[in-house]
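I opened my notebook to look at one strand and its neighbours, and then at some aromatic rings. Come along and look with me.

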Amino acid sequence: MNSAKGLNSLVLLLVAMFALTCVAFAEWKEKVLYSFQGGSDGSTPAGGVVFDSAGNLYGATTDGGANNCPGPAQCGTVYQLKPPAQKGGSWSETILYIFKGKNVNDGSTPAGGVILDKAGNLYGSTAYGGAGNCILLGGNVGCGTVWKLTPPKQKGGKWTESVIYSFQGGKDGDFPNGDLTFDSAGNLYGATAFGGGKGTSCNILFGGQCGTVLELSPPKQKGGKWTEKVLHRFAGGTKGEESSDGAEPNGGLVLDSAGAVYGTTYYGGNNSGDCDAGVSGIGCGTVFKLVPSISKDGAWTEETLYRFGGANDGSNPAAGVVSDAKGDLYGTTYFGPQNGYGTIFEVARPQGKSRVWKETILYRFKDGADGAYPAGPLTFNAHGDLYGTAEYGGGASIYGDVFVLKLTSQRKSWTLDTLYGFATRSGGGNPAAKLVWDGGGNLYSTTGGGGHPCSTCGTVFEVSP
């Protein structure tokens with residue numbers, strides 16, 4: 001999240017502390033696989049975790065590692081968690097890489113999770129660092145990077161980091177955030193919250209520009225450079241304008257079989273009523289589609305599929321969307337109508353001759369007892385149920401929860417069950433990342449806070465039925 005979203009989260013946490021309404025739920029069991037300790041160990045996980053074929057988990061932390069990087073946060077790390085050799089044992093953490101920051105044109109402060117390619121290489125992005133010149137609070141913190149970590153050729157060796165792209169802060173964007181996405185050809189897709197050269201209504205600390213969606217293509221020859229192409233530069237809107245382009249896109253983009261790209265923006269879209277102004281932008285957010293050109297080097301076309309209105313349908317999606325087999329999109333809004341605790345929504349493909357995508361609110365978080373302020377993307381199971389996390393809550397879920405949204409047996413409405421509520425800081429708190437499945441039906445992710453003995457450093461956890 002950007003600085004404005006972080007301020008909102010602090011306020012919301014204080015509100016959640018008073019929402020002590022009891023809630024009954026069919027509780028799954030939670031196990032903390034690892035509690036981060038800060039310092040060289042890392043703290044505050046950035047995004048969720050991914051499995052490799054051997055059952056190891058990988059992720060990144062926003063903070064920790066080292067504290068000598070320019071900018072508001074520490075340098076950050078990439079870590080591996082290895083499962084225990086024997087049942088009942090402990091997972092073991094290995095720090096694969098500690099970022100060094102702008103001082104050496106390395107990245108710093110990861111702002112999303114990691115992804116794996118077929119060869120076992122890890123990829124991710126950092127919000128700061130790199131060779132670009134972006135000024136924050138009077139200092140040059142860099143404009144962010146996309147990085148690659150290559151595993152050692154021999155067991156026990158060191159992983160090798162390389163910066164495959166350094167953002168320059170102009171039309172190419174700056175402050176990349178959220179997860180990256182691969183296509184079948186090995187191209188990477190991601191988003192920057194700022195930069196791009198368009199818009200004046202976004203974060204003034206980064207020049208007011210409203211962000212980009214980009215593609216990074218691998219080199220054609222070994223040792224060559226990756227090539228960046230900006231697919232869309234968001235323009236946001238101005239106060240009083242009824243509708244506009246999106247602003248500050250989230251990562252975690254999805255692609256369809258035709259190569260179109262789908263995602264959300266935190267701001268922009270509907271600028272009237274509840275969305276006439278905001279702390280760091282204008283508008284309540286959008287769901288968008290980017291369509292590739294029929295010619296190889298032609299411009300991509302953006303379609304705004306839905307503009308959130310705030311009063312009735314929620315506002316400010318903080319994560320991307322997921323797609324079902326029909327191509328319908330599902331996601332969450334961080335804030336919600338009426339009570340303001342957030343929503344889960346569907347944006348369905350046009351039917352018949354219509355070209356209009358239809359938005360439906362599947363669930364409104366009610367009173368905090370069922371969770372509040374969902375900030376992570378959703379995950380399907382094999383039956384089409386949706387699993388996700390809420391960052392805050394009340395009662396037994398005061399530090400957030402893991403939930404499932406299911407269709408009723410008549411398939412006419414959706415019902416939400418809280419699977420696990422984070423009730424103590426030692427068990428982790430404030431989950432805001434994607435859940436991933438293992439082969440046994442267990443779910444894994446991270447919490448941005450909680451843990452033991454460091455109660456603010458975050459955890460990697462498992463929940464199981």
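This is a predicted model: local features need pLDDT of at least 70, side-chain atom pairs count only at pLDDT 80 or more; totals for chains, interfaces and linings use all residues.

**Entry: strand β28.** I looked up residues 386–390, which make up β28, and found 5 of the 5 buried. L386, G388 and A390 point one way from the strand, while Y387 and T389 point the other way.

**Entry: ring pairs.** I counted 29 aromatic pairs. What kind of pair do F51 and Y444 make? Their planes are at 85°, and over 60 counts as edge-to-face, so this pair is edge-to-face, with the ring centres 5.0 Å apart. F51 lies in β2 and Y444 in β33, 393 residues apart. F51 counts as partly exposed because its relative accessibility is 25%, whereas Y444, at 5%, counts as buried.

Next I looked at Y334 and Y373, a tilted pair with 5.5 Å from centre to centre and 35° between the planes. Both are buried. They sit in loops, 39 residues apart. Y334 and Y373 also belong to one aromatic cluster with F335, Y341 and Y392.

**Entry: a charge and a ring.** Last, I found the charged end of R425 over the ring of Y399, 4.9 Å from the ring's centre.

Methods:
Residues are numbered from 1 along each chain as its sequence is written. Side-chain values use heavy atoms; hydrogens and water are left out. Buried means under 20% relative accessible area, exposed over 50%, partly exposed in between (1.4 Å probe, protein chains only). Helices (H or I, at least four residues) and strands (E, at least two) are DSSP runs, numbered from the N terminus. Rings of Phe, Tyr and Trp (its six-membered ring) pair if their centres lie within 6.5 Å; planes under 30 degrees apart count as stacked, over 60 as edge-to-face and the rest as tilted. A charge sits over a ring if NZ of Lys or CZ of Arg is within 6 Å of the ring centre and within 35 degrees of the ring normal.
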